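Hi there,

Here is the structure I promised to pass on. Have a look at it first, and then read my notes below.

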Amino acid sequence: MADVAGERLKAGVAVTLPDDLDRRIPLYAQIERQARKTHRGIWASTFQMPWLHRKFSPVNP
């Protein structure tokens, strides 16, 4: 069975959650670091993390 989350992280179209380091899935954190390092997908530009966007954006009526 394919690991869809892992493939999305590898392609740079997903991010890991901002959990405590001991709660993260180490393999996913490693895959994300590699995508960041090679500037794949969203890591090729600047963007706001989804949880920050939700925190600081006004709620739609």
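Let me begin with the contacts: of those in the chain with a separation of 6 or more, 48% are between residues 24 or more positions apart, where contact means heavy atoms within 4.5 Å. Please keep in mind that this is a predicted model, in which local features need pLDDT of at least 70 and side-chain atom pairs count only at pLDDT 80 or more, while totals for chains, interfaces and linings use all residues. Residues are numbered from 1 along each chain as its sequence is written, and side-chain values use heavy atoms, with hydrogens and water left out.

The overall picture

The chain has three helices and zero strands, and its pattern along the sequence is α-α-α. Helices (H or I, at least four residues) and strands (E, at least two) are DSSP runs, numbered from the N terminus. Along the principal axes, the C-alpha atoms fill a box of roughly 40 × 25 × 25 Å. Of the 61 residues in the chain, 20% are buried; buried means under 20% relative accessible area, exposed over 50%, and partly exposed in between, with a 1.4 Å probe and protein chains only.

The loop between helix 1 and helix 2

G12 sits in the loop between helix 1 and helix 2 and counts as buried, at 0% relative accessibility. Apart from neighbours within four places in sequence, G12 touches A35, R40, G41, I42 and W43. G12 and L52 are 40 residues apart in sequence, and their C-alpha atoms are 18 Å apart in space.

T16 belongs to the loop between helix 1 and helix 2 too, and at 14% relative accessibility T16 is buried. Leaving aside neighbours within four places in sequence, the contacts of T16 are L9, R24, Y28, A29, E32 and W51.

Side-chain pairs

The rule asks for a side-chain nitrogen of Lys or Arg within 4 Å of a carboxyl oxygen of Asp or Glu, and by it the count is one salt bridge. The two residues are four apart in helix 2, so about one helical turn separates R36 from E32. E32 is buried at 6% relative accessibility, whereas R36 is partly exposed at 37%.

The whole structure also holds one aromatic pair. W43 is buried, with a relative accessible area of 13%, and F47 is partly exposed, at 34%.

The largest pocket

The largest pocket holds about 180 Å³ of space. A pocket here is an open set of points on a 1 Å grid over the protein atoms alone, where a 1.4 Å probe fits, with protein on both sides within 12 Å along at least five of seven lines; lining residues have an atom within 4 Å of a point. Its lining has 13 residues, and V15, T16, L17, I25 and Y28 lie nearest the centre. Helix 1 (4-11) and helix 2 (26-37) are the elements that give two or more residues to this lining.

Best wishes

Definitions and conventions. Points joined across faces, edges and corners; volume = space filled by probe spheres on them. Phe/Tyr/Trp six-rings, centres within 6.5 Å; stacked < 30°, edge-to-face > 60°.
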